[in-house]
Amino acid sequence: MPRRTERAMWADNETEVDLLGFDFLVDTLFVALTEPRLLPLTVGLLGDWGSGKSSLMRITRQELLKIRDDDESPSRYVCVEFSPWQYEDYDDVKVALMTTVLDAIGARAGRDQQEQVTRLRRFAQGLGRWGRRGGRVAVSTAQAAAPLALLAIDPSMAPQVLDVTKAGVNAAASEANKLLEDPKAKQAVSGNGTAEAITDAGRFRAEFAKVVSTLEAVDAVVVFIDDLDRCLPETVVDTFEAIRLFLNTPKTAYVLAANQAVVESAIDSRYPQLRRPDGAGIGADYLEKMLQLKVAIPPLSAPEADTYVNLLLAELRLDDEQFAKVLAETRRRREAGNLQVAFNVGMAGAVLGNVPPDLVRDLNWAASIAEVLGGGLRGNPRQLKRFLNNLLLKHRSALRRKITLDLPVLAKLMVLEEQHFSDFQRLFDWQLTAPGPISELAAAESIARGGSTTAEPDGDGDISRPDEGETADESSGARRSPASKRGRTAAQQPQVTEEVRAWVDKPHVRAWLRLEPPLGEVDLGPYFTYSRDKLAFGVAVTRLPPHLQELFTRAQAEVAGVRRLACDEIGKLPGDERVQLVEALVEVLTRRPGGPAFLAALELAERAPDTLSAICDALMRIPPEAIPRGQAGNAVRRLPADNPTVSALLDRWENSDAPGLKSVINTARQAQRRSGRH
């Protein structure tokens, strides 16, 4: 069997192979769906986007399909897959769901049952015809059921609301019944004569129940409904209505995968008139009534995320036989509980004996970031998979240009970019002014790893740095400066500035700096070529000469003293250089108004008055909704109130509908008037 020697990536869709250790959730669903006394049953499979709901449903479906009388006979469970999201743009979702279920039943129905299935289809088609003419369908059963259902959800509902609901449902039902009287559908012709057409929900449900109950060698019809939380509010409610009014009969079960908060919000949006006096909607109560069982998918813990990432990497590096062994051993270890890492490089050695070198390397670098990555991505399997896909995509793109990037270095940078973008931006700004390794990063690592701010040479003249060593893949060729091999001299050791110390003082930055591998001696320039998806910089910034780029970076520092000194220096620049720098600042400000450029612009406008007009013009072009509320008051305090351009800018903000902005500007202006400042 061939080895997987070529780097590949992972499809971003559901799978029938359980890499997440969801056996216990599959068991929960399986037991519920195969217990006859629980039927009819509607199950909510609840979890965040990307938590593995679709995969869990697919694995459960495969387990149900294995239940059969013998190898030749079909499964005792008719399993139906349906996504309302795929139908909402061009079809009535209720009709689509009913037709999909009927098609699956028709494939298992005997000759005597085909006539009933045909009549049920005609009724569904009648709903579709009326739905296209008049909007939402309401039939005779809904006439009584809708207000009673609402009353069950909220016993305190005002009588006038119930009266309005009843009147609306009765009117719609009357029109529906007229339209359903299609001459072509009044009779269903069989070999023995005629049969009365199905014209209301109660009759449909009774006929549907009869068909399901008489299916030969079928224990239940199980419908798996996915993507509900992607749908519009009307589609969400239509899906529930189809189950409740038409399809909820003995020997049926419905599994709905969704984000509970999203579905509740959709229901609230569909029925805004039914909100309680305190503003709360009926979504939570509606869902509570519809779902007899809830199965919640928890986020992955750090060890679970570690195991999942390791299995994904093993899937790329091992052949099918080897991977099957690894997966079997992982499942065995998970039986004792999922709170420990169930697969890593040591366990790979125990299972396989000789572990492929590529897999050893991958598991080593993955181990250094898995815990932080799993926590930062909230233990979300899809986000973890997408991160790995993005990582390998960048690595392979660089190889096409014959640029060798060390995967551990690239992965560590991407962790910072993914989780703490402003700190990643700060690192990039330092790189812009550094010809090679970033001295500020080296100083920050020295602090975070417990070293002093000025290292001392050892007996051989090399600098001793704490926790320094080779990366997990030294042979992959991370670009290191000659100084990293010879060691820094004491004179070369960077001094720790206030800005660097403030950066390291952030707990998440300190934790990131402690991750392997250390980056203080690495030239990160090539890495930023591939890992800068969200960076906001443009032509004006990249054209700045080195000394202006360094000044530009300091002007956006988080430390106020550093920022103000830089703005003072900008004010003293020759006219042409000051224009270049202001253009760059304005460009970044308009791209990322909520970033550090906002405070830098205010500081500069205050300390260099000739830049005021350009900066106010830039702020005027930014939508008020994008102005950072926490810093907006600084504009009132720093900019000259008697300047017409400033006054027009503040008027625009104060008269806008941006939440919170009006009150911030109004309060700051009133305080300014009381202080007598103009």
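These legends walk through a few close-up views of one predicted model.

Residues are numbered from 1 along each chain as its sequence is written, and side-chain values use heavy atoms, with hydrogens and water left out. Because the model is predicted, local features need pLDDT of at least 70 and side-chain atom pairs count only at pLDDT 80 or more, while totals for chains, interfaces and linings use all residues.

**View 1. The open sheet has five strands in the order β2-β5-β6-β1-β7, with parallel pairing.** Strands here are DSSP E runs of at least two residues, helices are H or I runs of at least four, and both are numbered from the N terminus. Two strands pair if DSSP finds at least two bridges between them. At the edges stand β2 (77-82) and β7 (293-296), each with a single partner strand, so one side of each has no neighbour in the sheet. From one strand to the next, the twist averages 20 degrees (axes are lines fitted to C-alpha atoms, and angles run from 0 to 180 degrees between N-to-C directions).

View 2. Buried means under 20% relative accessible area, exposed over 50% and partly exposed in between, using a 1.4 Å probe and protein chains only. Thr252, Tyr254, Leu256 and Ala258 cover one side, with Ala253, Val255 and Ala257 on the other.

**View 3. Strands β1 and β5 both run parallel to β6.** Six bridges join β1 (residues 41-46) to β6, and Gly44 stands opposite Leu256. Five bridges join β5 (residues 220-225) to β6; Val222 stands opposite Ala253, and Ile225 has Leu256 as its bridge partner.

**View 4. Trp430 and Trp503 form an edge-to-face aromatic pair.** Their centres are 5.0 Å apart, with 85 degrees between the planes. Rings of Phe, Tyr and Trp (its six-membered ring) pair if their centres lie within 6.5 Å; planes under 30 degrees apart count as stacked, over 60 as edge-to-face and the rest as tilted. Trp430 lies in helix α17 (residues 421-432) and Trp503 in helix α20 (residues 498-504), so the pair ties together parts 73 residues apart in sequence. Trp430 is buried at 2% relative accessible area, and Trp503 counts as buried at 2% too.
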